[in-house]
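Have the sequence and the structure open while you read.

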Amino acid sequence: MLARRKMSLSELAERVDISLVNLSKLKTGKIRAVRFTTLDAICRTLDCQPGDLIEYRPDQPEAER
């Protein structure tokens with residue numbers, strides 16, 4: 001979505017008022033949770049839906065559980 005909107009991660013961080021480090025962790029999937037207010041702010045800024053930004057990926061294959 002950043003590329004589609006021709007926006008840098010730094011610019012998004014500034015517009016959403018979230019640290020660049022935390023936004024980078026969100027982008028790389030290195031976090032386990034995100035606040036709805038943060039997701040809302042990102043979606044408003046990028047003019048998109050949450051499903052455009054996130055997808056479900058199981059932690060481990062079903063057979064290993």
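## Starting with Leu9

In which helix is the place of Leu9? Leu9 sits in helix α1. Keep in mind that this is a predicted model.

Is Leu9 buried or exposed? Its relative accessible area is 19%, and the cut-off for buried is under 20%, so Leu9 counts as buried. Leaving aside residues up to four places away in sequence, Leu9 touches Leu2, Leu20, Leu23, Ser24 and Lys27. Take Lys27: it lies 18 residues from Leu9 along the chain, and their C-alpha atoms are separated by 9.0 Å.

## How α1 meets α2

Two packed helices can be described by the angle between their axes and the distance between the axes. For α1 and α2, the angle is about 115 degrees and the axes are 9 Å apart. On the α1 side, Leu9, Ser10, Leu12 and Ala13 make the contact, while α2 brings in Leu20, Leu23, Ser24 and Lys27. Sort these residues by type and you get five nonpolar, two polar and one charged. As for handedness, α1 passes α2 in a right-handed crossing.

## The two faces of α3

Now hop along to helix α3, which covers residues 36–46. Here Thr38, Leu39, Ile42, Cys43 and Leu46 are buried. They lie on the same side of α3, because they cover an arc of only 130 degrees around the axis. In general, an α-helix has 3.6 residues a turn, so residues three or four places apart point the same way.

The buried residues of α3 pack against α1, α2 and α4. Turned away from that buried side is a face with the exposed residues Phe36, Thr37 and Arg44. Just after α3 comes Asp47, with a positive phi of about 50 degrees.

How values were computed
Residues are numbered from 1 along each chain as its sequence is written. This is a predicted model: local features need pLDDT of at least 70, side-chain atom pairs count only at pLDDT 80 or more; totals for chains, interfaces and linings use all residues. Side-chain values use heavy atoms; hydrogens and water are left out. Buried means under 20% relative accessible area, exposed over 50%, partly exposed in between (1.4 Å probe, protein chains only). Helices (H or I, at least four residues) and strands (E, at least two) are DSSP runs, numbered from the N terminus. The arc is that of the directions from the helix axis to the C-beta atoms. Contact means heavy atoms within 4.5 Å. Axes are lines fitted to C-alpha atoms, for helices over the stretch in contact, and angles run from 0 to 180 degrees between N-to-C directions. A crossing is left-handed if the near helix is turned anticlockwise from the far one by less than a right angle, and right-handed if clockwise. Ala, Val, Leu, Ile, Met, Phe, Trp, Tyr, Cys and Pro count as nonpolar, Asp, Glu, Lys and Arg as charged, and the others, Gly among them, as polar.
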